[in-house]
Amino acid sequence: MARCFVTRKLPGGALGRLAAEHEVDLWPAAFPPTRDELLAHAREAEGVLAQLTETIDTGFFDACPDVRAVANYAVGVDNVDLAAATERGIPIGHTPGVLTDATADLAFALLLAAARRLYDAERASRAGDWSWEPDFLLGHDVHGAVLGLIGMGRIGSAVAQRASGFSMEVIHNSRSGGLPLDELLERSDFVSIHAPLTPETRGLIGEAALRRMKTSAILINTARGPIVDTGALVKALNQGWIAGAALDVTDPEPLPLEHPLLLCPNLTLSPHLGSATNATRAAMADMAVDNLLAALAGERMPHCANPEVYER
């Protein structure tokens, strides 16, 4: 039996399957382990089941020399130094595909909520602030609007499918084609981000990009917070460069309570809930455990983020 450190309790029965074959050290708290706590618990582990809150880098591998497999409970692996893992022959698992529909649903929910100002409407309703004035809480039309997708992978394509039901015109920018980003920003009524976080996309939506958008446009981000320059977005919302934003991800994450973004008008927020459905989170747990069990048995991970590790 190998020793495995799991950094958070997971929904469903996947951890039971892992515990049936290996010794499981489950982090007991509802909050993530600190860096020192992560290293202390993983130091004698052979397998680690981590989340995006854990940085798996050269320092981690140096401090935890017995680790021979890491399963990331996420589709993205921007918290992992893949090159360092590959150099050491350590496979990194992830959970692609399973959260596509759940994240696309949330992206479109945020689009609708921001367009129709549901956050403002909910607060007004609870406060008894009703008005029959024709200009009370006016929102933006979704049907027939132009939706610009930055990234056209699984999730972007799923959002496009949902947009078809609202007779939206869908345009996109991606590594494989589509419109130039500047043209997409200038034409879109809604801009929804579905790109991975890479050195090229970090800060992609900064001041220049936000100034290119229509003043009536709304920005949606369910991908990764650092793709948007938070300081520039604060300016854009406060100064009316764009009409609003709806974010499931932010930079930093979580936002400190005193952060200026929280004081911005026309902002809809959710706390990184893209995959937060019962079925999706349980399926992610199954995939993560399948990855870890396979690697610890000396087999190829079913979903490996650095498959070149097997070519060494």
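Leaving out its neighbours within four places in sequence, Leu 18 is in contact with Cys 4, Val 6, Val 24, Val 289, Leu 292 and Leu 293; contact means heavy atoms within 4.5 Å. The structure is a predicted model, in which local features need pLDDT of at least 70 and side-chain atom pairs count only at pLDDT 80 or more, while totals for chains, interfaces and linings use all residues. Residues are numbered from 1 along each chain as its sequence is written, and side-chain values use heavy atoms, with hydrogens and water left out.

Leu 18 belongs to the largest nonpolar core, which has 46 residues. A nonpolar core is a set of buried Ala, Val, Leu, Ile, Met, Phe, Trp, Tyr and Cys residues joined through side-chain atoms within 4.5 Å. Buried means under 20% relative accessible area, exposed over 50%, and partly exposed in between, with a 1.4 Å probe and protein chains only. Along with Leu 18, the residues with the most contacts inside this core are Leu 49, Leu 147, Val 159, Met 168, Phe 190 and Leu 292. Among the elements that each supply at least two residues of the core are strand 1 (3-6), helix 1 (14-21), helix 5 (100-115), strand 6 (146-150), helix 7 (154-164) and helix 11 (278-296). Helices (H or I, at least four residues) and strands (E, at least two) are DSSP runs, numbered from the N terminus. Another core, of 32 residues, lies apart from the largest one and includes Leu 181, Ile 193, Ala 195 and Val 228.

Helix 7 can be followed residue by residue. Its buried residues are Ile 155, Gly 156, Ala 158, Val 159, Ala 160 and Ala 163. These buried residues pack against helix 5, strand 6 and strand 7 (169-174).

Next come the sheets. Strands of a sheet pair through backbone hydrogen bonds, either parallel or antiparallel. Here two strands pair if DSSP finds at least two bridges between them. Strand 1 and strand 2 run parallel and are joined by four bridges, and Arg 3 stands opposite Glu 23 in strand 2.

Seven strands form an open sheet in the order 8-7-6-9-10-11-12, and its pairing is mixed. Strand 8 (177-178) and strand 12 (267-269) are the edge strands, each pairing on one side only. Strand 11 (residues 244-247) runs parallel to strand 12, and three bridges join them. Ala 246 stands opposite Thr 268 in strand 12. Helix 10 (residues 230-239) packs on this sheet and touches strand 10, strand 11 and strand 12; its direction makes about 140° with that of strand 11.

The loop between strand 11 and strand 12 contains Pro 252 and Pro 254. A cis peptide bond joins Asp 251 and Pro 252, with omega about 5°. The peptide bond from Glu 253 to Pro 254 is also cis, with omega near 0°. Asn 266 has its place in the loop between strand 11 and strand 12, and has a positive phi of about 55° although it is not a glycine. Asn 266 is partly exposed, with a relative accessible area of 39%.

Aromatic rings remain. Rings of Phe, Tyr and Trp (its six-membered ring) pair if their centres lie within 6.5 Å; planes under 30 degrees apart count as stacked, over 60 as edge-to-face and the rest as tilted. By this rule the count comes to two aromatic pairs. Phe 60 and Phe 61 have ring centres 5.6 Å apart and planes at 80°, so this pair is edge-to-face. Both Phe 60 and Phe 61 are buried. The rings of Phe 108 and Phe 166 have centres 5.0 Å apart and planes at 40°, so this pair is tilted. Phe 108 lies in helix 5 and Phe 166 in the loop between helix 7 and strand 7, so the pair ties together parts that are 58 residues apart in sequence. Phe 108 is buried, with a relative accessible area of 5%, whereas Phe 166 is partly exposed, at 32%.

Conventions. Axes fitted to C-alpha atoms, helices over the stretch in contact; angles between N-to-C directions.
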